[in-house]
Amino acid sequence: MSLWEYANPVKFIRTTDVVLPWVSALAVVCLTLGLAWGLFFTPEDFRQGSTVKIIYLHVPSALMAINAWMMMLVASLIWIIRRHHVSALAARAAAPVGAVMTVIALATGALWGQPMWGTWWVWDPRLTSFLILFLFYLGYIALWSAIEDDDTAADLTSILCLVGSVFAVLSRYAVNFWNQGLHQGASLSLDKEKNVADVFYFPLLVCIAGFVLLFVALVFLRTQTEIRARRTRALITREQQG
Amino acid sequence: MRALLARDLRLAVRAGGGFGLGLAFFLIVTVLVPFGVGPQTALLTRIAPGVLWIGALLACLLSLDRILALDWEDGTLDLLATAPLPMEGIVSVKALAHWITTGLPLVLAAPLLGVLLNLAPGGFLWIIVSLAVGTPALSVIGTFGAALTIGLKRGGLLLSLLVLPLYVPTLIFGAEVARRGADGLGVGAPLMLLAGISLGAVALLPFASAAVLRINLR
């Protein structure tokens, strides 16, 4: 029994078929619970008023936007090293989800920034590096869709993902150098004893769990779709040739 | 390698090679900026280093698809791939040829265009230095992008989309050196970081570009 068994598309589909309904249901439960709790049953912040509640969408989506790219990086590495097709397809499946998470984070940030900072957008290091991350997602998705041959596309995009990761990290620290920040520092760290007040903290954790589950469910579903689409194409080609 | 470099340079300089096209583009962008933002000299002095950097970057971008596309179309690249020269060497030579024909002229032209934009007197040295240090990174990163999009029909637009985000760190540090230089501040830290990015890109990216080319030539 090893992890690599799931690299077999049949095995992957069979397993995710079992897991997917549970993950989706849990995601729905967590998101409903977390958002309802966060939006309706937490007090308003002393200074921020009700805008503090944007945190329940902003923080989890920003978290997942970065983690989606990390997952694509790992999947690309697995594809380059071990040539498992499911891995390449999973990276492909995760990209649009990650891009949407980036957009959600940017949009909710702008909505919060308007009343709080008095502006929709500032060229703050965090905001800027997120915009750059979004551009990386766009380039990655565009390259996938531009290349017709599946294996070539997988190879090229995984190398782009590796190179892009290096440059994304470089950009992240380069923008720090370039401008001072308006965005607050990290609100959630594992090594801090107290992050934010407990009333906001626990619903936020539930929301984060919901976003993680949602991401997993979407990636499973989209990977399944990719596998089935590719199989259909193969069958059609065989039909035409035979 | 030397023969390949000489061949690329000759092809670029002779008619139809597009040598000077990037330079002309650089000139036009720089001339258009005062039309866009108005002719106040104080404002132009402030934005001159950034405008020169953006102009140089765009001029570089414009000439990227010529690095490999022509050789790909007429099959030269297939012959080069079977030559005893390693692919990494080919890619490096291509990037070097691109730098000599595009990057170097941009470096030399930048101070002249700086006069048009009323660049601060202290800035001339640093715009040359920052471009000289930064443009090799632009060429090498661009070669990687060109290798990625080589087989595509609508590769040009995609090439920009892929390469521009990769240019961000180089642009930030390069423009920072030029701006601090123009303001008479110390440029040590950004210059080191810019040189670091350049050297790192020159040392490592040819491997990625070569891998991409091998995949595309399969």
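**Figure 1. A right-handed crossing of two helices in chain B.** In this predicted model, helix 4 of chain B crosses helix 7 of chain B in a right-handed sense. Helix 4 covers residues 65–73 and helix 7 covers residues 123–148, and the two pack at an angle of about 35°. Their axes are 8 Å apart. To find the meeting point, look for B:Asp65, B:Ile67 and B:Leu68 on the helix 4 side. Facing them from helix 7 are B:Gly142, B:Thr143, B:Ala146 and B:Ala147. By type, the residues of this contact comprise four nonpolar, two polar and one charged.

**Figure 2. Chain B as a whole.** Here we step back to see where that pair of helices sits. Chain B has nine helices and zero strands, giving the pattern α-α-α-α-α-α-α-α-α along its sequence. Its radius of gyration is 18 Å, close to the 17 Å that the globule rule gives for 218 residues, so chain B is as compact as a globular protein of that length. Along the principal axes, the C-alpha atoms of chain B fill a box of roughly 55 × 35 × 30 Å. Of the 218 residues in this chain, 51% are buried. If you take the contacts in chain B between residues at least 6 apart in sequence, 81% of them join residues at least 24 apart.

**Figure 3. Chain A as a whole.** Reading from the N terminus, its elements run α-α-α-α-α-α. The box filled by the C-alpha atoms of chain A, taken along the principal axes, is roughly 70 × 40 × 30 Å. Buried residues account for 39% of the 242 residues of chain A. Among its contacts between residues at least 6 apart in sequence, 78% link residues at least 24 apart.

**Figure 4. Where the two chains touch.** How many residues of chain A are in contact with chain B? There are 22, and they meet 18 residues of chain B. Two elements of chain A each give two or more residues to this side: helix 4 (125–146) and helix 5 (150–178). Helix 5 of chain A supplies the largest share, 13 residues. On the chain A side, 18 of the touching residues are nonpolar, three are polar and one is charged.

**Figure 5. A:Ile147, in a loop of chain A.** Follow chain A from helix 4 towards helix 5 and you will come to A:Ile147 in the loop between them. Is A:Ile147 buried or exposed? The residue is buried, because 20 other C-beta atoms lie within 10 Å, and 20 or more is the cut-off for that label. Setting aside neighbours within four places in sequence, A:Ile147 is in contact with A:Thr152, A:Ala153, A:Leu156 and, from the other chain, B:Leu152. A:Thr42, 105 residues away in sequence, lies 49 Å from A:Ile147, C-alpha to C-alpha.

**Figure 6. The largest nonpolar core.** This core has 141 residues. Those with the most contacts inside it are A:Ala68, A:Ala94, B:Leu52, B:Ala56, B:Ile141 and B:Val212. Helix 8 of chain B, residues 155–182, provides the largest share of the core, with 15 residues. Beyond its neighbours within four places in sequence, A:Ala68 is in contact with A:Ala94, A:Val97, A:Gly98, A:Met101 and A:Phe215.

**Figure 7. A:Ser61, a buried residue in a helix.** A:Ser61 belongs to helix 2 of chain A. It counts as buried, with 24 C-beta neighbours inside 10 Å. Apart from neighbours within four places in sequence, A:Ser61 is in contact with A:Met101, A:Ile104, A:Ala105, A:Thr108 and A:Phe211. A:Ser87 is 26 residues from A:Ser61 along the chain, and their C-alpha atoms are separated by 23 Å.

**Figure 8. Two loop residues with positive phi.** Most residues other than glycine have a negative phi. A:Arg83 has a positive phi of about 55°, and this residue lies in the loop between helix 2 (55–82) and helix 3 (85–117) of chain A. A:Arg83 is partly exposed, with 13 other C-beta atoms within 10 Å. In chain B, the phi of B:Asn118 is positive and near 60°. B:Asn118 sits in the loop between helix 6 (87–116) and helix 7 of chain B. With 17 C-beta neighbours inside 10 Å, B:Asn118 is partly exposed.

Note on methods
Residues numbered from 1 in each chain as written. Chains lettered and ligands numbered in written order. Predicted model: local features only at pLDDT ≥ 70, side-chain atom pairs only at ≥ 80, totals over all residues. Core = buried A, V, L, I, M, F, W, Y, C linked by C-beta atoms within 7 Å. Buried ≥ 20, exposed ≤ 12 C-beta atoms within 10 Å, placed from the backbone. Helix = DSSP H or I, 4+ residues; strand = E, 2+ residues; numbered from the N terminus. Contact = placed C-beta atoms within 7 Å. Nonpolar A, V, L, I, M, F, W, Y, C, P; charged D, E, K, R; others polar. Rg over C-alpha atoms; globule rule 2.2 N^0.38 Å. Axes fitted to C-alpha atoms, helices over the stretch in contact; angles between N-to-C directions. Left-handed = near helix turned anticlockwise from the far one by under 90°.
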